[in-house]
Amino acid sequence: MMSPPVTVLEDEAFAALRDQLLGAAARLAPDAQHLSALLAALAGDVARVLREPLHIFPVAHHSPACAVQLVRRLQQFTPKVIFIEACEDLQALLPELPSCVPPVAMQAFAGESDDVPARRLPLSVITPLTPFSAEYQAICFGLTHPDVEVVFVDRAADHVVQWSREPAPEAGGPAPAADDENERLHGGAVGVEVGDLMPTFPAFLEGLLEHSRTSSFAEWWSLYVDEPTITADHHTWRQVMVLVGALIRRLGVSPERREVDRLRERFMWTRIKDHLQRKGIAPSDALYICGAAHAVAEVPEWGTDHFGQPDDPRWEIPPRTRTTWQYGFIPSAYSAIERQFGLARGSVAVAEQSWEKALKALKLKPLTLAKAGRAGRGEGADEAEVEAPKAKARGKKASAPPSAPPSDLLVDGGAAGLLTRPPNLLSEDHEQLLQWCTGVVAKAREAHYMASTADAIAIYQTSILLARLRGRLHPSPYDFADAAETCLDKGELGMRRSVRHLCGMVMGGDRVGRVGYATLPPLVRDVYGRLAGVGVTPGKTTITRVLLDLQKGGAGPTAVSDLLWRLRALLPGSEAVRPVTGERRLGVPRVQESWDVKLHGPALRELIELAYEGVTVEQVLERRLRDRAFAPQATAAQVLALAEDALLLADRERLSDELGARAVELLALELSAANARELFERVRRLVHHLRSRPSGLPGWLGAFVATGYQHYASLLPQGFADRGTSPAQLAGVLSFVLTLETLALSLGCHRSQVIIALRQAGPLTVDPGKLGLLWAAEWTLELKSGATVRDDFQALMDNPMSLAALPQALGSLLLALSFAPVVSGLAAELLSRAFGELPEELLLPWLPGLLDSLRPVAGAVLPALLREVVQSTPRTLAELDRWSPPFGGAAIPTEGQVPAKAPTNPRGHDAMVISAHLRAAPAAVEAWASALGDPPTWAEVGGAGDDALADPLTEPGAAGLAPGVAALRALLEARPAAAQAWAARLGP
């Protein structure tokens with residue numbers, strides 16, 4: 001079908017509208033010259049578009065009016081090629097679109113790149129599609145008409161990243177916080193929309209919303225562009241779209257955005273001309289769908305006036321980077337689109353309502369694609385078929401002309417006539433508003449709101465009132481939402497859904513698309529196939545609880561468990577798979593497991609992005625392990641952890657050998673002890689697990705232990721002397737050397753290397769926080785005896801000049817418990833004495849740091865320490881009477897000595913201790929004696945023996961009785977009430 005003649009816009013067509021605007025400008029401002037120049041420029045832009053032989057079709061992102069106009073236009077004009085403003089490298093995905101249920105998003109994904117900073121990786125660029133968008137309708141038309149070609153002409157995803165000034169969000173990382181999981185479907189991708197008209201100049205946007213009495217640009221567009229133009233004739237609608245696009249391009253775009261738009265326009269027009277010339281297509285036989293702001297551009301490549309001539313300008317398109325991109329579909333949702341592009345909540349659902357209402361009023365049939373077969377899996381799954389015309393079955397229907405819309409709904413007369421008439425479809429709006437009012441009240445009742453029929457009437461009347469206050473002929477969906485919130489929100493607390501959410505559900509709710517099984521990458525299909533036996537099927541939108549009995553189920557449950565653990569390792573922060581019960585560790589048998597599997601929504605997007613890295617989960621896991629192990633910044637600790645993951649998850653001994661050899665290589669190159677503790681813990685766990693195998697330890701693990709023993713032994717002198725090496729790091733080095741010493745010696749290492757290193761470290765140790773480690777290591781290697789170490793600590797306690805260093809030395813001795821259990825008794829003894837003898841100005845600041853330093857090694861230190869403390873404390877009441885704490889003043893027996901016998905009279909021993917304390921601080925005793933009326937005189941201490949330890953209170957004739965005691969006894973006898981109360985309290 002040929003195109004009808006194009007009506008050329010002349011100056012007279014805008015004369016009436018220009019006169020009205022200039023008259024208003026003259027009343028508001030004395031000089032309307034600037035406004036006149038702007039209007040003249042806008043009229044010139046419209047004239048340029050209408051004179052262009054190539055049919056330019058200006059659109060806005062997800063605009064129902066644009067989609068309706070395109071459907072009507074394609075009924076009258078069949079182009080040979082349709083150019084669409086979309087990333088050119090996404091065009092290869094179009095044959096797979098029929099198997100998807102919109103809304104879906106075309107995605108370009110790159111997990112790694114040498115030309116992009118690492119902080120921006122991974123890269124993701126998406127273009128969402130909804131069934132009521134003009135680009136989707138054009139794609140459907142092209143796929144259902146074999147003679148029509150659809151070509152994407154916008155810059156590629158690689159250029160999107162190159163030309164972006166702000167760093168791209170992390171696509172693989174956690175998505176921004178959102179109230180609904182559907183809003184996270186796009187993750188951190190960069191959104192590219194066809195027909196982006198969002199103003200980026202703040203002053204223009206604020207003024208536009210203020211004067212239109214709207215809260216968002218989406219509301220302004222819906223009320224002042226979509227509704228008035230959805231029933232207009234094509235030429236009138238086209239003029240209005242070009243006018244609005246030119247206005248936003250001239251006033252509402254920031255300078256940074258304008259520069260990127262110029263590059264895009266040069267790119268698109270160059271691609272258009274190249275394709276027309278290569279295919280031999282005349283510009284009049286082509287249709288170009290672009291954003292309204294790009295309909296007219298001040299670039300030399302714009303237009304086809306010189307097409308085919310030598311002076312036709314073409315832009316030299318910059319090359320792409322070496323980044324490897326993967327392409328596919330991911331599910332999308334209305335809420336995700338709104339969040340991605342900053343649209344008002346519910347605006348996409350409102351657009352869908354307008355689309356359906358216009359189709360019904362204008363008696364139009366939308367362009368669709370045949371849905372994919374619902375078999376979902378296996379070779380028998382139905383292939384997606386495009387709803388193309390068939391010669392016999394649709395012969396008469398295809399030749400029948402489309403039904404004409406009612407004449408009373410069409411608006412003509414150009415842009416001036418459209419802008420001066422109210423919108424149609426008022427009866428449809430009235431009926432729709434009544435349905436919304438009753439529907440939201442019903443939803444509110446289900447959500448436990450106190451709502452009644454009177455609230456529905458109130459919402460209807462309030463919606464009309466708000467529309468009149470805002471200068472509108474009929475309530476908009478946004479007026480309805482405000483009215484519903486005013487009438488239904490009565491301050492109830494704890495409601496699960498807000499009134500705004502209920503309004504969105506009534507106006508269409510959120511729609512979530514689905515990617516067809518045939519369109520899914522091979523890895524995703526493989527996962528679905530392997531999980532089919534546990535109830536995980538494509539298209540399922542609920543969480544599947546998977547129960548696995550690994551002892552009775554045979555190989556099937558074990559294979560499912562292995563797959564789920566691998567997915568958990570590859571997608572650690574995802575909701576795709578979540579273990580409820582069960583664990584997977586080396587040497588721990590697996591009995592039963594329970595999993596929650598949810599392969600839809602954001603989890604499916606993450607799985608699709610994972611599928612870009614390989615064909616199977618095992619391939620991706622092995623590739624990631626190798627890439628991380630051989631990365632330039634990899635450390636021995638990281639690679640050793642990867643080797644353990646290879647044993648635990650990949651179950652490939654060859655891979656673990658390769659990663660283990662890499663860990664040995666990196667360990668020999670390390671110059672510090674920062675990772676010694678982590679390496680020791682992991683190596684010890686691997687040794688205990690692998691030495692029980694029939695084949696024994698793998699060669700790489702033995703080499704790692706031997707290399708670590710020699711390497712860390714050579715670092716000991718430097719570690720003791722360097723203040724940059726913390727005591728905790730040095731304890732990790734000694735733990736590796738002394739704990740794994742037996743295995744290392746069996747592999748050919750020599751203890752003499754460690755002995756020489758410790759002897760060299762002795763004179764170099766100046767940090768008191770490392771003395772305990774040095775002495776404990778020497779004790780373990782029999783370079784010192786326990787008595788010598790005790791004497792060294794006693795010297796620190798006896799010397800006032802070195803007393804401040806005692807807490808640090810004692811803290812390092814506690815760290816030594818992780819590799820020298822022999823010091824546990826001495827550590828408990830010294831710790832008790834420190835609590836009893838250290839002054840508070842040293843003890844109190846030391847305690848928080850001590851607890852913090854012991855936290856990483858609490859599992860190795862505290863059991864031995866507490867065991868010694870328990871053994872040194874009395875277990876019965878009889879032992880408690882005879883027990884003397886280590887910090888009570890008694891001498892600490894050395895090795896080989898027998899402790900002195902405890903006094904036979906425990907009460908006399910207590911009296912002796914009390915007497916010593918009173919004589920050490922006589923001022924208080926003398927003050928009490930003076931208060932009681934006795935002279936402050938002191939008796940001489942009696943001789944040695946049991947008589948000297950007699951109880952002065954129970955034995956009045958005991959030697960050495962102070963004179964004040966008799967007065968105290970007389971006082972108690974004169975006032976016996978207090979003594980009797982204490983006796984009753986303490987019992988007989």
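Tutor: Start with exposure: buried means under 20% relative accessible area, exposed over 50%, and partly exposed in between (1.4 Å probe, protein chains only). By that scale Arg626 is partly exposed, at a relative accessible area of 21%. This is a predicted model, where local features need pLDDT of at least 70, side-chain atom pairs count only at pLDDT 80 or more, and totals for chains, interfaces and linings use all residues. Residues are numbered from 1 along each chain as its sequence is written, and side-chain values use heavy atoms, with hydrogens and water left out.

Student: Which residue forms a salt bridge with Arg626?

Tutor: Side chains of opposite charge can pair when their charged atoms come close. The rule here asks for a side-chain nitrogen of Lys or Arg within 4 Å of a carboxyl oxygen of Asp or Glu. The partner of Arg626 is Glu658, with the closest N and O atoms 3.0 Å apart. Glu658 lies in helix α23 (residues 653-669) and Arg626 in helix α21, so the pair ties together parts that are 32 residues apart in sequence. Helices here are DSSP runs (H or I, at least four residues), numbered from the N terminus. Glu658 is partly exposed, at 30% relative accessibility.

Student: Which side chain does Asp627 meet in a salt bridge?

Tutor: Asp627 meets Arg623, at 3.6 Å from N to O. The two are 4 residues apart in helix α21 (residues 617-629), so about one helical turn separates them. Both are partly exposed: Asp627 has a relative accessible area of 41% and Arg623 one of 34%.

Student: How many salt bridges does the rule give?

Tutor: The count comes to 36. Among them is Glu681 with Arg677, the closest N and O atoms being 3.5 Å apart. These residues are also 4 apart, in helix α24 (residues 676-690). Glu681 is partly exposed at 27%, whereas Arg677 counts as buried at 17%. Elsewhere, shared partners join Glu85, Asp154, Arg155 and Arg264 into one network of salt bridges.
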